[in-house]
Amino acid sequence: MVGTFFYDGKPLGGKSTYCTGSVVHTAAHDIVLTAGHCGRGLQRATHRIFVPQYRDGLSAANQPRGVFAVSQMYIDPRYAANTKKPTSDLDLAFAQVDPNSRGKVEDVTGALTFTPTTKYTHKVTVIGYPSSESVNSKHQAIRCPVTTSRLPGYRQVRMTCTGFYGGVSGGPWIEDYNRSTGTGKVVGNTGGYNGGGNDANDDWVTYAPIYGKDAKDLFNDAAAHRTVGARPPYHPSTDSPVLPGAAGTWQHARLLASGDFRPTGHSGMIVGWSNGETTMYADTGATRLEREGDRDHHLQRPRPAARPARP
């Protein structure tokens with residue numbers, strides 16, 4: 001149920017693919033989830049198709065599940081493509097596709113379950129098609145099982161896994177993925193802040209919006225084949241991970257390093273202070289870091305660093 005798109009200027013069988021999509025269950029059996037910034041490109045195209053389980057080198061007629069023409073796009077009108085603004089939380093879109101000679105897309109491929117969530121920590125399988133032949137010569141989908149963490153300040157999650165170059169946008173983040181049955185719950189799609197990647201555009205840091213009420217409303221419009229109406233102003237997240245202690249405390253931090261030090265699947269932080277002491281903080285998957293070994297501890301201001309002895 002996962003595939004890629006082609007449209008004007010990016011023909012099937014060409015040197016690159018265009019974004020990733022996944023079939024999600026609806027009563028109409030004809031809806032494909034992708035990223036909002038991918039949807040903007042498809043919205044402008046005149047010829048556009050979705051190819052589930054794409055196989056490079058095969059004609060349209062010989063693709064494993066055939067090809068499906070995209071007939072309609074559903075995108076939140078508040079979303080602006082590839083920004084770092086709060087509305088990057090809305091980076092998802094749905095494509096309505098026409099049946100092919102084998103039937104409706106969901107009947108041909110099966111479907112994942114679109115699943116709103118309020119959590120930021122998930123064990124997921126992330127799938128996507130890197131578009132360029134320079135990094136994906138056979139245009140095959142890549143897959144990564146990984147545990148997510150929160151992207152601070154946004155309704156988004158992040159993962160670290162190499163190989164996720166351009167083209168993976170829109171790919172599903174699937175919880176409880178069963179490869180043999182092709183089932184699972186989609187809790188996010190590659191996209192969000194900066195189009196789904198960090199400021200350096202590293203291939204190993206990837207983001208995804210998680211699905212709240214706004215995403216659910218858009219899904220309902222797509223599932224009902226209903227025109228997407230005007231939306232109220234977007235209200236971004238007001239909660240974010242916070243550092244323990246007062247701001248003055250952190251003026252004495254001299255070295256910070258993050259990583260899954262325990263390991264538990266959550267990134268923690270080690271802090272080296274100006275007085276030579278070191279503290280480890282654990283990420284519990286909640287919205288704040290806690291001092292390792294003492295969750296009720298309130299960090300006190302470190303002592304000033306000692307003056308070095310004369311030689």
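## Model and confidence

This is a predicted model, in which local features need pLDDT of at least 70 and side-chain atom pairs count only at pLDDT 80 or more, while totals for chains, interfaces and linings use all residues. Residues are numbered from 1 along each chain as its sequence is written, and side-chain values use heavy atoms, with hydrogens and water left out.

The chain averages a pLDDT (the predictor's confidence in each residue, from 0 to 100) of 87. At least 70 is reached by 85% of the residues. Over residues 284-290 the pLDDT is below 50. It is under 50 over residues 292-311 as well. Where pLDDT is low, the predicted coordinates should not be read in detail.

## Helix 3

Helices (H or I, at least four residues) and strands (E, at least two) are DSSP runs, numbered from the N terminus. Helix 3 spans residues 213-223. Its buried residues are Ala215, Leu218, Phe219, Asp221 and Ala222. Buried means under 20% relative accessible area, exposed over 50%, and partly exposed in between (1.4 Å probe, protein chains only). These residues cover an arc of only 160° around the axis, so they sit on the same side of helix 3. That arc is taken from the directions from the helix axis to the C-beta atoms.

The buried residues pack against strand 3, strand 5, strand 6 and strand 7. Just after helix 3, His225 takes a positive phi of about 55°.

## Salt bridges

The structure holds seven salt bridges. Each is a side-chain nitrogen of Lys or Arg within 4 Å of a carboxyl oxygen of Asp or Glu. Within helix 3, Asp217 and Lys213 lie four residues apart, and their side chains meet at 2.8 Å, N to O. Lys213 is exposed, because its relative accessible area is 63%.

Asp221 bridges to Arg226 at 2.8 Å and to Arg231 at 3.0 Å. Arg231 lies in the loop between helix 3 and strand 15. Asp221 is buried, because its relative accessibility is 7%.

An open sheet has the order 10-11-14, with antiparallel pairing. Two strands pair if DSSP finds at least two bridges between them. Strand 10 and strand 14 are the edges. Strand 11 and strand 14 share five bridges. Arg158 has Tyr207 as its bridge partner in strand 14.

## Thr115

Thr115 lies in the loop between strand 7 and strand 8. Thr115 counts as buried, because its relative accessibility is 17%. A polar atom of its side chain lies 2.9 Å from the backbone oxygen of Thr113.

Note on methods
A polar contact is a pair of N or O atoms within 3.5 Å; within protein, one must be able to donate a hydrogen and the other to accept it, and residues adjacent in sequence count only if both atoms are side-chain atoms. Contact means heavy atoms within 4.5 Å.
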